[in-house]
Every structure is written in structure tokens, then in C-alpha cells.
Amino acid sequence: MPEQTALVTALIVDRPMCLDCIAMSVGSTVDEVGVVLQRLTGVLELHAEHRVCRSCDITARVFSVERPADRPARTAHQRHA
Ligand SMILES: [Zn+2]
């Protein structure tokens, strides 16, 4: 599910969110988001911290990724519309 991966990444870049909020925002289950996050760890620097979620203001385990600075914004995945 590359689309979900992209959605989740865009969501939590610079914005730590808890699993529930990520799942709700991308329209997936918590389990699915867990799988996506696991994949992300191999690609991006994923941070898991116990702090306030930016979305629901509840202190929980929140996830965020660091924006890859060493990579251009355009990738080979771009397609012609
Ligand atoms: Zn939340």
C-alpha cells in the first residue's frame, strides 16, 4: 500500500500524532497503520515518543518522521497525469 505510506508520511512529518489519530486521518485501521510505520522505519527516521499528540491533545505514544533533507522533493515515483 504505497499510497497509505505516502499519506502517513505526509501526516506525521513535523507533526507527532498518536496511532489512533493517524489511523483516523488516513482512513485505515490501527493495525494497518502499524504495518505502514514498520515499513517507514526502513526508509525514514521514525521517532516514537511518549508525549502530547498534536491532533487529539492526549498524552500517548506518538509517531513522527524527519523530513529527508538530503533528498530532492521529486522522486522517480512521479507519474504523468
Ligand atoms: Zn491523537
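The following legends describe close-up views of a predicted model.

**Figure 1. Overall arrangement of the secondary structure elements.** The protein contains three helices and three strands, which occur along the sequence in the pattern α-β-α-α-β-β. Of its 81 residues, 19% count as buried. Among the contacts with a separation of 6 or more, 55% are between residues 24 or more positions apart.

**Figure 2. Confidence of the prediction by element.** The mean pLDDT of the protein is 87, and a value of 70 or more is reached by 81% of the residues. Among the elements, the highest mean pLDDT, 97, belongs to strand E1, whereas the lowest, 91, belongs to helix H1.

**Figure 3. The largest nonpolar core.** This core comprises 13 residues. Val 8, Ile 12, Met 17 and Ile 22 have the most contacts inside it. Two or more residues each are supplied by helix H1 (2–12), strand E1 (17–18), helix H2 (19–26), helix H3 (30–41) and strand E3. In soluble globular proteins, nonpolar side chains tend to be buried together.

**Figure 4. Surroundings of Val 8.** Val 8 is among the residues with the most contacts inside the largest nonpolar core. When neighbours within four places in sequence are set aside, the contacts of Val 8 are Ile 22, Val 26, Val 33 and Val 36. Two of these partners, Ile 22 and Val 26, are buried residues of H2.

**Figure 5. The buried side of helix H2.** Cys 21, Ile 22 and Val 26 are the buried residues shown in H2. These residues lie on the same side of H2 because they cover an arc of only 115° around the axis. An α-helix has 3.6 residues a turn, so residues three or four places apart point the same way. The packing partners of the buried residues of H2 are H1, E1, H3 and E3. After H2 comes Gly 27, which has a positive phi near 70°.

Figure 6. Ile 58 counts as exposed because 11 C-beta neighbours lie inside 10 Å, and a residue is exposed at 12 or fewer. Beyond its neighbours within four places in sequence, Ile 58 is in contact with Cys 18 and Cys 53. Met 17 is 41 residues from Ile 58 in sequence, yet their C-alpha atoms are 9.7 Å apart in space. Met 17 is itself among the residues with the most contacts inside the largest nonpolar core.

How values were computed:
Residues numbered from 1 in each chain as written. Predicted model: local features only at pLDDT ≥ 70, side-chain atom pairs only at ≥ 80, totals over all residues. Buried ≥ 20, exposed ≤ 12 C-beta atoms within 10 Å, placed from the backbone. Contact = placed C-beta atoms within 7 Å. Core = buried A, V, L, I, M, F, W, Y, C linked by C-beta atoms within 7 Å. Helix = DSSP H or I, 4+ residues; strand = E, 2+ residues; numbered from the N terminus. Arc of directions from axis to C-beta. pLDDT = per-residue confidence, 0-100.
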